[in-house]
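Please open the structure in your viewer and keep the selection tool at hand. The tour below goes from one selection to the next and says what can be found at each stop.

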Amino acid sequence: MNHTAGAILLVVLYVAVIFVKALRPGRGQDASPVGYFLGGRSLGPGVLVMTISASFFSMYSFMGAYGITWRTGMNFLNQGWWMLMFLSWGGVFVGARVWLLGRRFGFITPADLLAHYYDSRAVRALVVVLGVLILFPYAAIQFSGVGKMIEGFTDGAISYELGVTVFLGFTASYTLVSGMRGVAWTDVLQGALFAVVMFAALGWVSLELGGPAGIVQEVERVRPELFDFDQGFAWFLNLSITWGIGFAVLPHIWQRWYAADSLKTVYRSSWIVGVVSWALCLPIFFIGLAAHVLLPELTADQSDALFPLLMSRYLPTLGMFVVPAAFAAAMSTVDSMLLSISSSVENDVYARLRPGASDAQRARVGKRFVLVFAALLMVFAISDIGRSYIVPIGNASGSLALVLVPPLLGPLYWPRGTRAGAVTALASGSAFVLVTLIPEARAALLPQHGLLSFPATTGLLLTTAVFAGVSLVTSPVPYETQAAYHGTLEQVLEGTAAS
Amino acid sequence: MLVFLAATGSIVSGVLPLSGRWLGVPAPMAALYALEAVTIAVLALTYRFHWASRARAADRRVRELPRQETG
């Protein structure tokens, strides 16, 4: 059996296992939106760590991150740094409070929390639109990556379009049937698979080149310039702000905070997610560097796909696992995003239009939205227009997520935040980030150098200023609402009596 | 959060311009990994001796809260 056929067989086996795994936890799940979209708020620490990490580590880990290391060398260390420093605290500063309010008021989506606190349909609508803009293109990028990988791996025998369609069919099917609990358990399996493949590859590369220090010394001989931090401090800090702070409020991660079974689970998972994510950057960094020695003929155009190329050249047997591992990385991101977008439309649109719908009806409608969004994603990923917009909008996901941060300060930390402040901040922040996607507008609006040249950081500062400024000159939310939120947070987290 | 951001930013701005070699690798790389190792230890200890007990106590208080389904 050749290695291509072996890889396809492994993918089929992998999909079969995923289906079995996805169906089992879904069996006891109650037929309500909370049961389907949040797994009944019952995820323990192990599952929560794996589902957050696997949802966050996407196709990028296999078809992009290695190329960045290959091209930028030591600058890639930034990723491990911000993952460890910021992801670890995301659960403490944001996750614990979001979990508590979600439990107290029965929230399902990010829009629930913000719209309920500010008592505003406009806030709900803006958060839904923002959520779709954050998740939809990012999910489409995963499809695009898988389609390209399958087409490349099979030398065109399986076309991009067919690869995308098959991948979508698998992912939508098990997401549809299993809901959050099944998705979280498949994320455990998928996360374990791609971590094992990455670390096995790192072990082999280390043996070949004399350990991590040996890899560095070998690469320094051929490309010494890769060991300068030449991207600059502003770039480093901007990336830390974008993903380090934006991570905890990405809609699918936000809902994972809701899905935890206790505060202890949130705190414990939070720091372990930081450490796991940091650890997953190690193989990407060292293998990406080692490719300069092991694949000296590699060009910049090919560098994004260096991991499968390296595996097929030196370790074809382990390389067979790269395809299912890349599938796993992409599926574990897409399933979470599909569920998050569907829950948002079901809960924030359908349930508002049909307030009398039963829990079972709502869960059924939610499942239909999974199918609808999967089909839309496929059309988007295959069409020429979609393909040309996928990457630019997808790259803005982190910047758009940051727009949610200032309005969230109202219910979590700053009682003075107002409805008008939240609406204007959400509208102006999203508009700013989207406008800066146009190169000419970005050049006109932002300086050429420094921290403020990045739309994410500037957008966050702008949104914060608008939120604070407008809030200070408009009426705060009613005292009863402030007391219900901030009183609950103080009462539970600080142990003080409710006011 | 802003204080935390400023603190980590200051550390990184001090580490990135380092020159020379530590333990056979470029100094900024060795320094970053050393900082990360220390951070992992601090996180583990902070959880073990601070957050875990806080969270247990908070979970007890959560059980006494009224629940309301607004979603």
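**Where two chains meet**

Begin by selecting B:R21 and A:E220, whose side chains meet in a salt bridge, with 2.7 Å from N to O. Please keep in mind throughout that you are looking at a predicted model. The salt bridges counted between chain B and chain A come to two, and nine residue pairs, both members at pLDDT 80 or more, are in polar contact between these chains.

Now show both chains as a whole, and select the residues where they touch: 39 residues of chain B are in contact with 54 residues of chain A. The size of an interface is often given as the accessible area lost when the parts come together. Here chain B and chain A bury about 4400 Å² between them, and 71% of this area lies on carbon and sulfur atoms.

For the last stop, move to B:L23, which sits in the loop between β1 (21-22) and β2 (25-26) of chain B. Is B:L23 buried or exposed? The residue B:L23 counts as exposed because its relative accessible area is 81%, and the cut-off for that word is over 50%.

How values were computed:
Residues are numbered from 1 along each chain as its sequence is written. Chains are lettered from A and ligands numbered from 1 in the order in which they are written. This is a predicted model: local features need pLDDT of at least 70, side-chain atom pairs count only at pLDDT 80 or more; totals for chains, interfaces and linings use all residues. Side-chain values use heavy atoms; hydrogens and water are left out. Helices (H or I, at least four residues) and strands (E, at least two) are DSSP runs, numbered from the N terminus. Buried means under 20% relative accessible area, exposed over 50%, partly exposed in between (1.4 Å probe, protein chains only). Contact means heavy atoms within 4.5 Å. Buried area is the accessible area (1.4 Å probe) that two parts lose on being put together, summed over both. A salt bridge is a side-chain nitrogen of Lys or Arg within 4 Å of a carboxyl oxygen of Asp or Glu. A polar contact is a pair of N or O atoms within 3.5 Å; within protein, one must be able to donate a hydrogen and the other to accept it, and residues adjacent in sequence count only if both atoms are side-chain atoms.
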